[in-house]
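This briefing goes through one protein model, topic by topic. The sequence and the structure come first, followed by the notes.

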Amino acid sequence: MTVELTQLEPIAVRPKVASALIGVSLRKFHSMRASGLLPPMYKLGSCCVYKTEDLKKWAEWGFPNLDRF
């Protein structure tokens with residue numbers, strides 16, 4: 001069985017994509033991260049990524065601060 005890549009949902013995204021998913025500029029996104037307003041960030045090699053599952057939960061839970069997430 002072959003699965004086309006267009007059918008797959010990413011499990012992790014870089015900050016540029018994460019900011020677009022939540023509807024803020026990349027600059028605002030970095031400001032939110034520095035203030036502890038986003039879900040945790042993970043290092044993947046030399047890249048920083050956010051789990052899409054975390055971003056969805058964060059939104060469902062009403063966008064809590066990192067310490068409450």
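**Helix on sheet**

α3 lies across β1, β2 and β3 and runs at about 50 degrees to β3. The model is predicted: local features need pLDDT of at least 70, side-chain atom pairs count only at pLDDT 80 or more, and totals for chains, interfaces and linings use all residues. Residues are numbered from 1 along each chain as its sequence is written, and side-chain values use heavy atoms, with hydrogens and water left out.

**Overall layout**

- The protein has 3 helices and 3 strands; helices (H or I, at least four residues) and strands (E, at least two) are DSSP runs, numbered from the N terminus.
- Along the sequence these elements follow the pattern β-α-α-β-β-α.
- Taken along the principal axes, the C-alpha atoms fill a box of roughly 45 × 25 × 20 Å.
- Of the 69 residues, 23% count as buried, where buried means under 20% relative accessible area, exposed over 50% and partly exposed in between (1.4 Å probe, protein chains only).
- Among the contacts (heavy atoms within 4.5 Å) with a separation of 6 or more, 47% come from residues 24 or more positions apart.

**The sheet**

- The 3 strands form an open sheet in the order β1-β3-β2, with antiparallel pairing; two strands pair if DSSP finds at least two bridges between them.
- β1 and β2 stand at the edges with a single partner strand each, so one side of each has no neighbour in the sheet.
- β2 and β3 run antiparallel and are joined by 3 bridges.
- L44 has C47, in β3, as its bridge partner.

**Helix α3**

- The buried residues of α3 (residues 52-60) are T52, D54, L55 and W58.
- These residues cover an arc of only 160 degrees around the axis, which puts them on the same side of α3; the arc is that of the directions from the helix axis to the C-beta atoms.
- The buried residues of α3 pack against β1 (12-13), α1 (15-22), α2 (26-34), β2 (42-44) and β3 (47-51).
- T52, found in helix α3, counts as buried because its relative accessibility is 10%.
- Leaving aside residues up to four places away in sequence, T52 touches E9, P10, I11, A12 and V13.

**Helices α1 and α2**

- The axes of α1 and α2 come within 9 Å and cross at roughly 95 degrees; axes are lines fitted to C-alpha atoms, for helices over the stretch in contact, and angles run from 0 to 180 degrees between N-to-C directions.
- α1 and α2 are therefore roughly perpendicular to each other (angles under 35 degrees count as roughly parallel, over 145 as roughly antiparallel, 65 to 115 as roughly perpendicular and the rest as oblique).
- On the α1 side the contact is made by P15, K16, A18, S19 and I22, and on the α2 side by L26, F29, H30 and M32.
- By class, this contact of α1 with α2 has 6 nonpolar, 2 polar and 1 charged residues; Ala, Val, Leu, Ile, Met, Phe, Trp, Tyr, Cys and Pro count as nonpolar, Asp, Glu, Lys and Arg as charged, and the others, Gly among them, as polar.
- S19, found in helix α1, counts as buried at 4% relative accessibility.
- Not counting residues up to four places away in sequence, S19 touches V24, S25, L26 and F29.
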